[in-house]
Amino acid sequence: MQVPYNNSSVSKYQLDNGLTVLVYPLPTAVRVSTQLWYHVGSKDERSGEKGLAHFLEHMLFKGTERMAESDINVFSHKLSGYCNAFTSYDTTMYLFDMPSQHWQEVLPVFADCMQHAKLDQEHLNSELKAVIQELKMYKDEYSGHLFDELVSTIFSDHPYHYPIIGFKHDLWSLEREALLRFYHTHYIPNNATLVVAGNVDPDDVYRGVETVFGSLKGNPDYKKRTFYHQDDVISKSITLNRFIENPSALCTWVIPGLKAKQEYVATMVSWLLAQGRGSRLYRLLVDDLQLVVDVQSHIHNFFDYGLFSLEFQLKNAYDFDRVKQLVLEVIADLVDHGWTEKEEHRARKRIEIDYVNLFECPQKLGMALGETYLATGDEQHMLRFLQDIPDDISVSMKNFMKTFLRQTVMHTGLLIPIDTDEQDRLDKIQHDSDVIDNLVLQKKVRTTPVEPCRYANLIIPKSPPPFHAPRAQSEMLSNGLKVVHACDDRLPTIEIMLDLKTKYYGDPSDLQGLSLCTSYMVAEGTSNYSAYELAMELESHGINLSIDPGSITITMLRDDLEKGLDILSELLTKAVLPESSLMKIKDRMLSDIESYWDEPSEFVDDLVRKEIYRDHPYSKQILGASESISRINHNDVKAWYATTYTPREATLVIVGDTQQCDVIRMLEDKLGIWHGALPLGITYPSLSSIRAYDRTYFIKRDQTVVCFAGLSVPRMHPDFDKLLLFDQIFGGGVLNSMNSRLFLLREQSGLFYTIKGSLIAGSDEQSGMVLIKTLVSNDSLKQAVESIRETIDTAVNYVTDEEFEHAKHILNNALIDSFSTHQQTAASLLFLARYKLDADYFDTRADALKALSKIDMIATVRKYLSSEKLLCMQVGRV
């Protein structure tokens with residue numbers, strides 16, 4: 001397969017100091033992703049250094065001799081960019097995604113941070129507290145924690161044994177001098193790779209990098225250590241006992257790492273075994289035997305060694321032994337008897353469409369290039385992913401399973417509800433942890449305020465290039481279905497979004513979850529396909545299908561448009577909704593409900609919606625509740641399908657490479673036979689603001705979720721744009737910027753690892769919410785709540801003219817993001833249709849925002865953002 005845009009290779013350059021530069025042009029991309037990869041991760045830490053690689057990632061953007069602590073956040077925000085970083089076992093990566101006119105501005109920042117980071121002790125004190133909160137957050141994410149513990153158990157003799165974030169006792173004693181030594185050792189040009197993906201010219205990139213980085217000194221004596229893991233015929237297992245309702249499990253095997261270049265074979269096996277509804281294990285364990293609610297396959301491509309994992313959402317923990325045996329039997333059957341041609345084609349097609357989609361996103365593409373290059377040393381490896389397929393792929397897959405997926409080397413992890421007689425013990429462990437953290441961290445005091453920016457003040461944003469939103473063709477089919485169509489040939493893919501009038505909040509009050517249950521039942525087969533046949537037909541064509549309450553989304557390659565429309569027509573006109581599947585679906589939903597209520601950061605949103613919306617339809621739960629699910633019967637599902645899956649008042653948007661077909665004719669042929677009555681109407685009672693009060697919800701977790709919530713405005717309300725502008729200043733807005741009032745509080749105090757907030761959360765036809773949410777340790781809970789309240793009440797009092805204009809500039813630059821992918825274009829066109837807006841809405845958006853004044857914005861914000869009008873919900877050991 002030829003990669004999109006007909007680029008045959010990655011352009012690779014190397015500076016005299018050893019810095020490697022990789023460039024991949026994406027001519028139609030609206031942003032440029034510039035990523036600086038350091039070939040150092042947590043595995044390179046020595047004794048006493050555990051957690052240093054990750055902590056350094058947190059500290060690097062906190063100032064140099066040239067830049068102040070807040071400079072990089074302001075710099076990125078000012079240029080309408082996005083910045084982030086991550087640390088793995090093998091690498092550390094920093095990235096900026098910038099509008100194309102600004103991408104070169106990041107080069108001096110990267111170069112300065114490579115050799116002149118200050119790593120100030122005051123900044124270290126506040127960041128240490130935030131990292132401890134991050135560590136606690138990960139331990140409360142029990143499924144991820146189970147995997148981390150299993151990795152540690154498997155690699156007892158390799159640095160993968162140690163958690164990337166480190167141990168608390170190492171972090172407590174972390175010293176600036178040790179961090180500086182690690183930084184100066186590993187952050188050098190000849191241990192770094194700069195990756196640039198977007199609308200750039202490779203030679204221009206090289207010249208710019210040479211100018212900025214060429215004078216930096218490398219270390220010719222730098223050498224990477226190699227690490228060894230003793231192969232053995234051994235099987236290890238762990239069991240994690242936690243305050244949960246829903247058990248889950250892992251079966252995991254060690255496989256070759258990314259440097260071995262075997263990821264295509266592993267991915268083929270993954271799709272064959274447990275990825276998607278057409279996989280062997282999904283059909284056996286979920287559909288036929290109904291032992292598990294879900295099964296998924298994951299490949300963890302660490303560089304030295306990888307892991308192949310099967311993850312199960314169990315109905316009962318005692319079934320895990322039988323599940324393990326069945327897994328081994330399926331693997332043995334595949335090795336001995338093989339698989340069908342259709343199964344193999346399905347896996348190939350799924351891999352192909354996932355690969356093609358990389359070229360729609362510069363950030364994802366850049367990350368794939370950077371990771372594979374650092375692992376293999378081959379800059380072309382990622383581009384040849386679909387070309388270097390073994391001729392004997394079936395033999396390679398069988399050898400892979402026979403060699404690596406053996407019973408004798410299968411490691412297992414089990415997450416189960418904690419026994420009653422152990423609960424007090426775990427409570428005490430959590431309490432003691434809080435006490436020790438408080439004793440240690442109260443000595444790590446930051447006494448200075450966050451430094452104001454210096455360097456960012458010198459940066460002058462450039463005007464975005466002229467922008468004109470793509471024009472779409474609108475038609476009405478004979479059955480009353482509105483169609484919006486836009487041709488976009490950037491990629492050989494097509495996106496279809498069908499928006500139905502009735503959403504989950506239209507569920508009957510006593511049958512909440514009915515719309516979700518019906519959407520699951522629609523996928524259980526049609527008059528021409530069983531559920532398995534339908535899954536195989538979709539996946540063998542690489543078609544992604546998502547059926548949700550009130551919507552259906554389909555993504556496919558352009559050559560499969562007709563097949564995609566055939567299947568959509570089947571779902572809308574010939575769904576059989578088999579009664580025999582209803583109990584399986586309800587069991588899945590009950591399990592999902594249990595899992596959902598095991599995640600405080602998730603279910604807190606439901607708690608606050610019930611408080612804010614009360615008897616309004618928006619208070620309803622999309623999942624429903626155990627009681628409402630138990631009441632749903634087959635007649636309810638059939639009636640809901642008949643009354644809500646109707647073309648009346650529905651809109652279908654189709655975007656993609658459709659230039660070779662008559663879209664409207666095809667849609668009329670395929671969907672014109674779909675008919676239905678007018679959808680059910682919904683009565684929306686009036687809403688009113690609340691007065692401040694507190695609510696608590698008790699659940700045993702290491703951290704407490706703190707959520708402030710109040711009533712906001714609908715999407716088309718005159719105040720919406722003013723609140724949208726302030727969102728960029730208050731919570732980071734559309735770019736999720738770290739230059740916000742809430743993140744400044746995090747930087748100053750270190751009370752939480754992350755905090756998010758918006759004044760227009762969920763705003764659509766009805767009012768959205770003011771919503772601020774974070775996670776915090778109980779030992780810091782009172783201080784955190786008080787500091788957030790103060791920020792809520794004072795944030796709007798000192799908005800500068802510069803901040804206000806930057807907020808407008810950011811929103812103007814973000815307009816083009818609304819059309820950067822087929823999916824985003826389809827969503828934007830659907831937005832225009834839903835609110836009956838003019839075709840030039842996005843073209844005139846900048847002028848509409850420009851007309852707003854700071855005085856009006858401030859006055860509007862004060863109507864909604866006040867602690868006296870917000871509920872404070874706390875979920876945890878409170």
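Me: What makes helix H3 largely enclosed by the rest of the structure?
Reply: In this predicted model, eight of the 10 residues of H3 (residues 106-115) are buried, so the helix is largely enclosed by the rest of the structure. The buried ones are Val 106, Leu 107, Val 109, Phe 110, Ala 111, Asp 112, Cys 113 and Met 114. Buried here means under 20% relative accessible area.

Me: Thanks! Why is H9 called oblique to H12?
Reply: The axes of H9 (residues 263-273) and H12 (residues 341-358) cross at roughly 120 degrees and come within 9 Å. That makes H9 oblique to H12, because 65 to 115 degrees counts as roughly perpendicular and over 145 as roughly antiparallel, with the rest oblique. The crossing of H9 past H12 is right-handed.

Me: Which residues of H9 and H12 meet?
Reply: From H9 come Tyr 264, Thr 267, Met 268, Trp 271 and Leu 272. They meet Glu 343, Glu 344, Arg 346, Ala 347, Arg 348, Arg 350, Ile 351 and Asp 354 of H12. By class, this contact of H9 with H12 has six nonpolar, one polar and six charged residues.

Me: How do you describe the packing of H10 and H11?
Reply: Two packed helices are described by the angle and the distance between their axes. For H10 (residues 280-288) and H11, the axes cross at roughly 145 degrees and come within 11 Å. Their crossing is right-handed. Arg 280, Leu 281, Leu 284 and Leu 285 of H10 make the contact with Val 323, Leu 326, Val 327, Val 330, Asp 333 and Leu 334 of H11. These residues divide into eight nonpolar, no polar and two charged.

Me: And what makes H16 roughly perpendicular to H22?
Reply: H16 (residues 514-522) and H22 (residues 634-644) pack at an angle of about 85 degrees, with axes 9 Å apart. That makes H16 roughly perpendicular to H22, because the band for that word is 65 to 115 degrees. On the H16 side, the contact is made by Leu 514, Ser 515, Cys 517, Thr 518, Met 521 and Val 522. H22 contributes His 634, Asp 636, Val 637, Trp 640 and Tyr 641. In this contact of H16 with H22, seven residues are nonpolar, three are polar and one is charged.

Me: Which residues touch the most other members of the largest nonpolar core?
Reply: Those are Trp 253, Leu 273 and Phe 312, in a core of 90 residues. The largest share of this core, nine residues, comes from H11 (residues 320-337). Leaving aside neighbours within four places in sequence, Leu 273 is in contact with Ser 279, Arg 280, Leu 281, Tyr 282, Phe 308, Val 330, Ile 331, Leu 334 and Leu 405. There is also a second, separate core of 75 residues, which includes Leu 477, Ile 543, Tyr 596 and Ile 654.

Me: How do you know whether Met 589 is buried or exposed?
Reply: Its relative accessible area is 0%, so Met 589 is buried; the cut-off is under 20%. Met 589 sits in helix H19 (residues 579-596). Not counting residues up to four places away in sequence, Met 589 touches Gly 513, Leu 516, Cys 517, Tyr 520, Leu 623 and Ile 629.

Me: Why is Lys 462 called partly exposed?
Reply: Lys 462 has 42% relative accessibility, so it counts as partly exposed, a class that lies between the limits of 20% and 50%. Lys 462 is found in the loop between H15 (420-441) and strand E12 (473-476). Apart from neighbours within four places in sequence, Lys 462 is in contact with Gln 101, His 102, Glu 105 and His 809. Lys 462 and Asp 434 are 28 residues apart in sequence, while their C-alpha atoms are 48 Å apart in space.

Me: What is the phi of Ser 80, and where is Ser 80 placed?
Reply: Most residues other than glycine have a negative phi. Ser 80 has a positive phi of about 60 degrees although it is not a glycine. Its place is in the loop between H2 (71-78) and strand E4 (82-87). At 0% relative accessibility, Ser 80 counts as buried.

Me: And what about the phi of Lys 261?
Reply: Lys 261 has a positive phi of about 60 degrees, and it is not a glycine. The place of Lys 261 is in the loop between strand E8 (248-256) and H9. With a relative accessible area of 37%, Lys 261 is partly exposed.

How values were computed: Residues are numbered from 1 along each chain as its sequence is written. This is a predicted model: local features need pLDDT of at least 70, side-chain atom pairs count only at pLDDT 80 or more; totals for chains, interfaces and linings use all residues. Side-chain values use heavy atoms; hydrogens and water are left out. Buried means under 20% relative accessible area, exposed over 50%, partly exposed in between (1.4 Å probe, protein chains only). Helices (H or I, at least four residues) and strands (E, at least two) are DSSP runs, numbered from the N terminus. Axes are lines fitted to C-alpha atoms, for helices over the stretch in contact, and angles run from 0 to 180 degrees between N-to-C directions. Angles under 35 degrees count as roughly parallel, over 145 as roughly antiparallel, 65 to 115 as roughly perpendicular and the rest as oblique. A crossing is left-handed if the near helix is turned anticlockwise from the far one by less than a right angle, and right-handed if clockwise. Contact means heavy atoms within 4.5 Å. Ala, Val, Leu, Ile, Met, Phe, Trp, Tyr, Cys and Pro count as nonpolar, Asp, Glu, Lys and Arg as charged, and the others, Gly among them, as polar. A nonpolar core is a set of buried Ala, Val, Leu, Ile, Met, Phe, Trp, Tyr and Cys residues joined through side-chain atoms within 4.5 Å.
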